[in-house]
Amino acid sequence: MRWLRETEYKPISAYGVIGDTRTAALIGLDGSIDWCCFPRFDSPSVFGAILDDAKGGRFRVQPVGEYTSHQRYFPLTNILVTSFHLRDGTGAFEVLDFMPSPGGELPIAAPHEIRRRVRGLRGSLAVEVTFAPRFDYARADTRLRRTHAAVHATDGVELLTLTTPDRLHWELADDARTASATFRIEPGEDLWLVLQWGTDAAADDDGDASQTKLQETAAFWNSWAGNLSYSGLYRAEVERSALALKLLFYEPTGAVVAAATASLPEEIGGVRNWDYRYCWLRDAAFTLSAFTIVGLYDEARRFVHYLQWVAGKSEGPLQIMYGIGGERDLDEYDLPHLSGYRDSKPVRIGNGAHSQLQMDVYGELLAAVSLWHQQHLVDEEFWHLLVRIVDWVADNWRRPDSSIWEVRAEPRHYVYSKVMCWVALDRAIGMAAELGAPPTLERWCAQRAAIHAEVLERGFDDERQTFVQSYDSAALDAANLLIGVYGFLPGDDPRMKSTIAASLRELTRDGMLYRYTSDDGLPGQEGVFSICTFWLADALALSGDVERAERVFRRMLRFANPLGLYSEQIDPRTGDFLGNFPQAFTHIA
């Protein structure tokens, strides 16, 4: 049970997420949908109160009076239930939220809906509903009108319709931009609110249609999660992370977004605010590798097709990210009219890092492909594309880049990037025997050896006995903990053990890791990076220190929110979530 403080902005951890594998919505412990973009993850927001409490727009259902609340998911689903209990003990009700599964329909053509069921549990309660959509990141002039059983919203172009029972009497604010209603809910009574995108027609629904869609959606998620083959420890945590990752999958194309949100800050009040609603090839490769390991193969097949589609458009280096529809132009711009989460400005849309060179992405991609190949996902056509990509790596691995953290400073010779170029060549060489050795195979082998020698010579600080972030640098980088994971060196190699020790000395705070502490060209600081602490557990286990690895892992589990969800970073002083949410990187780990 959690008491919800009366503050403008809820903690990021005070949200659950629902979705339909095309878009997603964040719903707070106060029953408010504070983030939702229709019809795609990367569309302009319709509800954006999480980025501006006053202007952003919301759709809230909550009790009249003081209350406590908590959230849970239906088992093995992404159907969210928020339970409210009056503080005086006189009553309780719950709000069930879901986006119907596209089911057998073509995903891109299926209706976009959010269905909310209000169910009385105990006592007779007054419930207040606030409906305040704001189209186009609150830039458009959104207007509402009432009809017999619905509230309609439009900005002259887009349409949104909220269908409700006849007994709800809606009041429109003077500016016709917000509608509110209050009603009573009795024990055992259900009341449905149906939100539809792209239509001005009220839903013909007496509750039976919603109940049917609820059952179909529960069956969809249960069936998908039932394919999970994992049977080890922490089964519940693995299931929830898999379900969270599936929510970030864009079904129409096979892309995977890095997170469901944009511009949630890495530092409260700071400028490190980025849009994560695009498909990073690295993040997607990590995600689909995780799915493959636990027996979920269909998403990997879909992403292979997406990769062939986007990579086949260029003869040069791959972009590090693409739009979920294959878009290449992801220009970054600010929304100065929005105040940002807890005054964290600027609010950024788009992502300027799409034009960076990040050499590590090739290693993560080929490592994933090597794993997928065990399930026969690499055919002759795909192999030809991979050969072209690996040839490019063999010719260009000596170039400086911006690496995994896409640092917005001058490119450097990052050690992790060099290691991942080695991984790209190593995995391709391993597949060549079965898929057909290209004419450049001998060159691949020579360049693999050259990378290995150079990294050990220039990337390892003999005096401090640690791998460093970049050549001629004293800074450390948590990504180097993966050197043993990827087999560049054995995990129990003395150089890996001493790198772990150095990382524990210089990058940790209260047992959690910063990704780096060096200057990255941006003002301010950031929190500890959740995935890096999980990587620490991996590195410790591979080094032979399994007991300490388990302690690190268990401690990180305690930082999940009550639903088992993670953001990108954590404030080490308070434990508060920072960065976009839910974030694929963390759930992969």
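1. Met512 is buried, with a relative accessible area of 2%, and since buried here means under 20% relative accessible area, this residue falls well inside the class because 2% lies under that cut-off. The model in which this is seen is a predicted one, and every value in this note should be read with that in mind.

2. Met512 lies in strand S27, which covers residues 512-513. Once its neighbours within four places in sequence are set aside, Met512 is in contact with Leu507, Val528, Thr533, Arg555, Met556, Phe559, Ile570 and Pro572.

3. Strand S17 (residues 190-197) is mostly covered, with seven of its eight residues buried. Strand S10 (residues 113-122) runs antiparallel to S17 and is joined to it by seven bridges, and within this pairing Val118 stands opposite Leu191 of S17. Strand S14 (residues 159-163) is likewise antiparallel to S17, here over four bridges, and Thr163 has Val194 in S17 as its bridge partner.

4. Among the helices, H7 (residues 380-396) has 17 residues and reaches 24 Å from its first C-alpha to its last, close to the 24 Å expected at 1.5 Å a residue. Its buried residues are Phe382, Trp383, Leu385, Leu386, Val387, Ile389, Val390, Trp392, Val393, Ala394 and Asn396. They pack against four helices, namely H5 (298-311), H6 (360-373), H8 (415-435) and H9 (441-458).

5. Helix H5, one of those packing partners, can be checked for length as well: its 14 residues should span 20 Å at 1.5 Å a residue, and its end C-alpha atoms are 20 Å apart, so the two values agree. The buried residues in H5 include Glu299, Gln308, Phe303, Tyr306 and Leu307.

6. A search of the whole structure finds two cavities of 30 Å³ or more. The largest cavity holds about 280 Å³ of space, and of the 24 residues that line it, Tyr276, Trp405, Glu406, Arg515 and Glu568 are the closest to its centre. By class, the lining of the largest cavity divides into twelve nonpolar, two polar and ten charged residues.

7. The second largest cavity has a volume of about 30 Å³ and is lined by Ser45, Gly48, Leu51, Gly56, Tyr137, Ala138 and Leu338. The lining of the second largest cavity has four nonpolar residues, three polar and no charged.

8. Turning to open space, the second largest pocket contains about 580 Å³. It is lined by 31 residues, of which Glu266, Glu267, Gln525, Glu526 and Gly527 lie nearest its centre. The lining of the second largest pocket comprises eleven nonpolar, seven polar and 13 charged residues.

Definitions and conventions. Residues numbered from 1 in each chain as written. Predicted model: local features only at pLDDT ≥ 70, side-chain atom pairs only at ≥ 80, totals over all residues. Heavy atoms only, no water. Buried < 20%, exposed > 50% of the residue type's maximum accessible area, 1.4 Å probe, protein only. Helix = DSSP H or I, 4+ residues; strand = E, 2+ residues; numbered from the N terminus. Pairing = 2+ DSSP bridges. Expected span 1.5 Å × (residues − 1). Contact = heavy atoms within 4.5 Å. 1 Å grid on protein atoms, 1.4 Å probe; cavity = no way out; pocket = protein on both sides within 12 Å on 5 of 7 lines; lining within 4 Å. Points joined across faces, edges and corners; volume = space filled by probe spheres on them. Nonpolar A, V, L, I, M, F, W, Y, C, P; charged D, E, K, R; others polar.
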